[in-house]
Amino acid sequence: MATAHTIPALLEQASARHGDRPAFVDGDTVLTYAELAAEVVRVSRGLHAVGVRPGDRVAVWAPNRTEFALALLGAQSLGAALVPLNTRYRGHEARVVLERSGASVLVVADGFLDTHYTRMLRESAPEGAEASLPVSGPVAGLPRLHTVVDLGGGAEEGTLAWAELLARGEQVPVSEVAGLAAGVTPDTVCDILFTSGTTGVPKGVMSSHRQTLGVAQVWATGAGLTDQDRYAVINPFFHSFGYKAGIIAAMTAGTAIHPVPVYSPESLMELIQRERITVLPGAPTLFLTLINHPRLADFDLSSLRFAIAGAATVPETLFEQMLTVLGFDQVAQAYGLTECVVATQSRPGEDPRHVAETTGPGVPGIEVRVVDEHGQDAAVGADGEVLLRGDNVMLGYFEDPGATAEAIDPDGWLHTGDVGRLDEHGCLKITDRIKDMFTVGGFNVYPAEVENVLSGHPDVVEAAVVGVPDERMGTVGRAYLILRDGAAADEAGLTAYCRERLANFKVPRELVVLAELPRNASGKVLKRDLRSP
């Protein structure tokens, strides 16, 4: 059977090949691949009934659960693009993404961990601006957003319960959504994943169906996924890793997906033991907490087969301990970014010490270069900017041709802004980030965004944020502040101020007050000096 190049074709193929095998095992809810395909049709009918059309954007703001996948697959089967939102976002962060993407429908999980997303979004309107904001839809100031669907009961006024969405879909003929699914092409925009740039302004990374499936197939092949595997997906579905290397990769192989909405070491070990989990990717933090957990010996983790860790500083001994302590058969490291989700990956059978040192060579279909400041190829072992080219590099940034041209040169090379080096085997090691972005527990933090928030505090004149090593999280944020004359350092107050405006992982763990920031001759803050101990 030929390889699928669209999400609707993948669903049809997975249903035909693996129809009676479990696709989602989510608590007591089990959906086979045949049932998954049927449920996606129901969701497509519901979304179409509330006005979703080809080319629209459907946003999903929810944790890892079966309905998240149904919403994204249902939207994509209509030719609409998925716009996932980080569950840790505060209201104004979500508002910016919804506004920039022009999403017409938002699917939320109101009440998850006592977070009321719809309410938070409505309360995020700029102070004093409520009267001037258009209120043509369910959220003031977002006129293109016409429907908010709640995966729960739709308790918030103006939201539509998930069950009601499905009920409305019964009025839409199956043939109508089947025709739209057939009209989806490999080049149709499949998803727009927003990532803040160094300016702190979110940019929407667009990928086609062909590219999203290409990423998934490369990852599934590297992991050796089969229909016998059971994959615990801890990486969030809203992130490219949990979505493309999670949901979609599993679907290409008929693998059972076990969504994990909240990480707890003991709950995870219970899940591994009970369901005989075989595949478990995650941030290094996850594996470190398991390796050092006092109750590790109480659980049978012998089913574990494959793990991939990346996205943060990796301790030298981590991969060796993943093999010897946790019992994985194979471990790997990978490198990617939203603009090219899987760029390099360790090869099977690598020495774990080599796996710890490099992220592996370019995956099939991706070329990797490291260039010096003049754009010439750097020597083996020499640092330079990492450039990527290939089929799975993004289409570009949504409605931002200027930023796209800045990122992808005329020869098709994506300039990642990451610093790395290639060894004699062609394996890449990431050594720094040109763009100053750092990763906290697997989530990207863009200093400019945090600095903008801190600088908005009445006591702060200027802020500079850097990532510093942390044993548990890999990296955490440290903010250096210049305070206004007469202002006292109030660490608790400033931290609370950030927590109200930023997702938890973006909040600096440490605040340091300075008389002045180190600068170069042109006045630019020298962040490398701030990172030095």
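This note goes through the cores, helix packing and selected residues of a predicted model.

1. **Basis.** The model is predicted, so local features need pLDDT of at least 70 and side-chain atom pairs count only at pLDDT 80 or more, while totals for chains, interfaces and linings use all residues. Residues are numbered from 1 along each chain as its sequence is written, and side-chain values use heavy atoms, without hydrogens and water.

2. **Main core.** The largest nonpolar core has 142 residues. A nonpolar core here is a set of buried Ala, Val, Leu, Ile, Met, Phe, Trp, Tyr and Cys residues joined through side-chain atoms within 4.5 Å. Buried means under 20% relative accessible area, exposed means over 50%, and partly exposed is in between (1.4 Å probe, protein chains only). L36, W61, L106, W162, W219 and I248 touch the most other members. Helix α9 (residues 240-253) gives the most to this core: eight residues. Helices (H or I, at least four residues) and strands (E, at least two) are DSSP runs, numbered from the N terminus.

3. **Second core.** A separate core of 28 residues also exists. Among its members are V260, L290, L296 and L301.

4. **W219.** Contact means heavy atoms within 4.5 Å. Setting aside neighbours within four places in sequence, W219 is in contact with L225, Y231, F241, A245, A249, V279, P281, F306, I308, V342 and Q345.

5. **α8 against α9.** W219 is also one of the α8 residues that meet α9. Helix α8 (residues 209-223) packs on α9 at an angle of about 75°, and the axes are 8 Å apart. Axes are lines fitted to C-alpha atoms, for helices over the stretch in contact, and angles run from 0 to 180 degrees between N-to-C directions. The two helices are therefore roughly perpendicular. Angles of 65 to 115 degrees count as roughly perpendicular, under 35 as roughly parallel, over 145 as roughly antiparallel, and the rest as oblique. From α8 come T212, L213, V215, A216, Q217, W219 and A220. From α9 come F241, Y243, K244, A245, I248, A249 and T252. By class, the contact has ten nonpolar, three polar and one charged residues. Ala, Val, Leu, Ile, Met, Phe, Trp, Tyr, Cys and Pro count as nonpolar, Asp, Glu, Lys and Arg as charged, and the others, Gly among them, as polar.

6. **α1 against α2.** Helix α1 (residues 7-18) and helix α2 (residues 33-49) pack at an angle of about 150°, with axes 8 Å apart. That makes α1 roughly antiparallel to α2. Their crossing is left-handed, meaning that the near helix is turned anticlockwise from the far one by less than a right angle (right-handed if clockwise). L11, A14, S15 and H18 of α1 make the contact with Y33, A34, L36, A37 and V40 of α2. These residues divide into seven nonpolar, two polar and no charged.

7. **S44.** S44 is also found in α2. S44 counts as buried, at 2% relative accessibility. Leaving aside neighbours within four places in sequence, S44 is in contact with G74, S77, L78 and V177.

8. **α11.** Seven of the eight residues of helix α11 (residues 284-291) are buried, so it is largely enclosed by the rest of the structure. The buried residues are P284, T285, L286, F287, L288, L290 and I291. Their cover includes α10 (265-275), β12 (306-309) and α12 (318-324).

9. **Positive phi.** L113 has a positive phi of about 50° although it is not a glycine. L113 sits in the loop between β5 (105-108) and α5 (117-122) and counts as exposed at 58% relative accessibility. E399, a residue other than glycine, has a positive phi near 50°. E399 lies in the loop between β17 (396-397) and α14 (401-407). E399 is exposed, with a relative accessible area of 59%.

10. **R499.** R499 is found in helix α16 (residues 491-501). R499 is partly exposed, at 43% relative accessible area. R499 and R90 are 409 residues apart in sequence and 8.8 Å apart in space, C-alpha to C-alpha. Not counting residues up to four places away in sequence, R499 touches R90, N504 and V507.

11. **D459.** D459 lies in the loop between α15 (447-455) and β22 (460-470). D459 counts as partly exposed at 29% relative accessibility. Leaving aside neighbours within four places in sequence, D459 is in contact with I482, L483, R484 and A487.
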